[in-house]
Amino acid sequence: MARVKRAVNALKKRRKIMKLAKGYFGAKSKQYRAASEQVRRSLRYAYIGRKLKKREYRRMWIARINAGARMNGLSYSRLINGLKVAGVDINRKMLSELAISDQQAFAALAEKAKEALK
């Protein structure tokens with residue numbers, strides 16, 4: 001079997017890592033070993049961050065809905081339960097947008113929830 005020389009592939013691999021490490025501080029952007037460690041770590045942080053982002057947005061929407069609900073004399077959980085009982089199918093993202101931008105529409109939904117809970 002012939003001997004495989006990795007010159008081209010190894011260089012491509014190193015270039016790819018160094019390109020990803022561009023802009024890092026100090027040795028992390030100049031030396032391959034430091035750069036590869038940092039790039040691996042950075043990619044792991046990015047993966048975790050993509051998961052955390054979804055949780056953080058949901059928490060923000062719930063906080064906004066809760067603030068709007070309390071202005072209308074309800075708690076968050078009672079508002080959500082009332083909307084569910086009333087058969088209003090609206091997601092938290094849209095509810096939070098209504099709580100911010102269209103308070104009259106949000107108040108109307110809160111009234112519907114109150115009626116359904118009685």
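Does Ser29 count as buried or exposed, and at what relative accessibility? I started with this residue in the predicted model. Ser29 counts as buried because its relative accessibility is 16%, and the cut-off for buried is under 20%.

I then looked up where Ser29 sits. I found Ser29 in the loop between helix H1 (7-20) and H2. Leaving out residues up to four places away in sequence, I listed Met18, Ala21, Gly23 and Tyr24 as residues that Ser29 touches. For Tyr24 I also noted a polar atom of the Ser29 side chain at 3.1 Å from the backbone oxygen of Tyr24.

Next entry: H2 against H4. I read H2 as residues 32-71 and H4 as residues 92-101, with axes that come within 8 Å and cross at roughly 45°. H2 is therefore oblique to H4. I recorded the crossing of these two helices as left-handed. On the H2 side I noted Arg58, Trp61, Ile62, Arg64 and Ile65, which meet H4 residues including Arg92, Leu95, Glu97 and Ile100. Sorted by class, the H2-H4 contact has 6 nonpolar, 1 polar and 5 charged residues.

Last entry: H3 against H5. The axes of H3 (residues 76-86) and H5 (residues 103-117) come within 8 Å and cross at roughly 75°. That angle makes H3 roughly perpendicular to H5. From H3 I listed residues including Leu79, Gly82, Leu83 and Val85, and from H5 residues including Phe106, Leu109, Ala113 and Leu117, as part of this contact. By class, I have 10 nonpolar, 2 polar and 2 charged residues for H3 with H5.

How values were computed. Residues numbered from 1 in each chain as written. Predicted model: local features only at pLDDT ≥ 70, side-chain atom pairs only at ≥ 80, totals over all residues. Heavy atoms only, no water. Axes fitted to C-alpha atoms, helices over the stretch in contact; angles between N-to-C directions. Helix = DSSP H or I, 4+ residues; strand = E, 2+ residues; numbered from the N terminus. Parallel < 35°, antiparallel > 145°, perpendicular 65-115°, else oblique. Left-handed = near helix turned anticlockwise from the far one by under 90°. Contact = heavy atoms within 4.5 Å. Nonpolar A, V, L, I, M, F, W, Y, C, P; charged D, E, K, R; others polar. Buried < 20%, exposed > 50% of the residue type's maximum accessible area, 1.4 Å probe, protein only. Polar contact = N/O pair within 3.5 Å; in protein donor to acceptor, adjacent residues only side chain to side chain.
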